[in-house]
Amino acid sequence: MIDYDTGEPAESDGLQTCVDSFDEEFGGDFDPSAVDAIERSMIGAEDNGDGRASITMLDEPADMYMKKADDGQWYIEADAPF
């Protein structure tokens with residue numbers, strides 16, 4: 001995850017804030033093993049022309065983006081702070 005405040009990959013407190021907000025959104029009922037059901041063919045990405053890629057899931061907008069950070073890795077970037 002990209003830390004909304006710093007624009008860099010989330011670390012320590014920023015990463016914990018991300019985890020906490022994810023738990024809030026899913027009510028703490030998210031089972032990480034559910035991710036195993038996701039196949040690469042279900043996910044799409046399209047260049048926005050602004051350094052980010054819009055993500056789709058099963059051809060539907062996923063309301064998230066991927067952004068390449070200074071370390072060369074791609075991270076999820078949310079539209080708003082957590």
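Before I start: two strands count as paired if DSSP finds at least two bridges between them. I'm working from a predicted model.

**Entry 1, the sheet.** I looked up strand 3, residues 60–68, and its partner strand 4. They run antiparallel to each other and share four bridges. At one spot in this pairing, I found Lys 67 facing Tyr 75 of strand 4. Then I checked the whole sheet. It is open, has four strands in the order 1-2-3-4, and the pairing is antiparallel. Strand 1 (43–47) and strand 4 (74–77) sit at the edges, each pairing on one side only.

Next I went to the loop between strand 2 (52–57) and strand 3, where I found Leu 58. Its phi is near 55°, which is positive, and this isn't a glycine. Asp 59 is in the loop between strand 2 and strand 3 too. The phi of Asp 59 is positive as well, about 65°, again in a residue that is not a glycine.

**Entry 3, the charges.** A reminder to myself: side chains of opposite charge can pair when their charged atoms come close. How many salt bridges does a search of the whole structure find? It turns up three.

- Asp 50 pairs with Arg 52, and their closest N and O atoms are 3.3 Å apart.
- Glu 77 forms a salt bridge with Arg 52, with 3.4 Å between the closest N and O atoms. Glu 77 belongs to strand 4 and Arg 52 to strand 2, so this pair ties together parts 25 residues apart in sequence.
- Lys 67 forms a salt bridge with Glu 77, the closest N and O atoms being 3.9 Å apart. Since Lys 67 is in strand 3 and Glu 77 in strand 4, the pair ties together parts 10 residues apart in sequence.

Glu 77 counts as buried, because its relative accessibility is 14% and the cut-off for buried is under 20%. Lys 67, at 25%, counts as partly exposed.

Which residues does the salt-bridge network link? I wrote down Asp 50, Arg 52, Lys 67 and Glu 77. Lys 67 is also the residue I had noted opposite Tyr 75.

How values were computed:
Residues numbered from 1 in each chain as written. Predicted model: local features only at pLDDT ≥ 70, side-chain atom pairs only at ≥ 80, totals over all residues. Heavy atoms only, no water. Helix = DSSP H or I, 4+ residues; strand = E, 2+ residues; numbered from the N terminus. Salt bridge = Lys/Arg side-chain N within 4 Å of Asp/Glu carboxyl O. Buried < 20%, exposed > 50% of the residue type's maximum accessible area, 1.4 Å probe, protein only.
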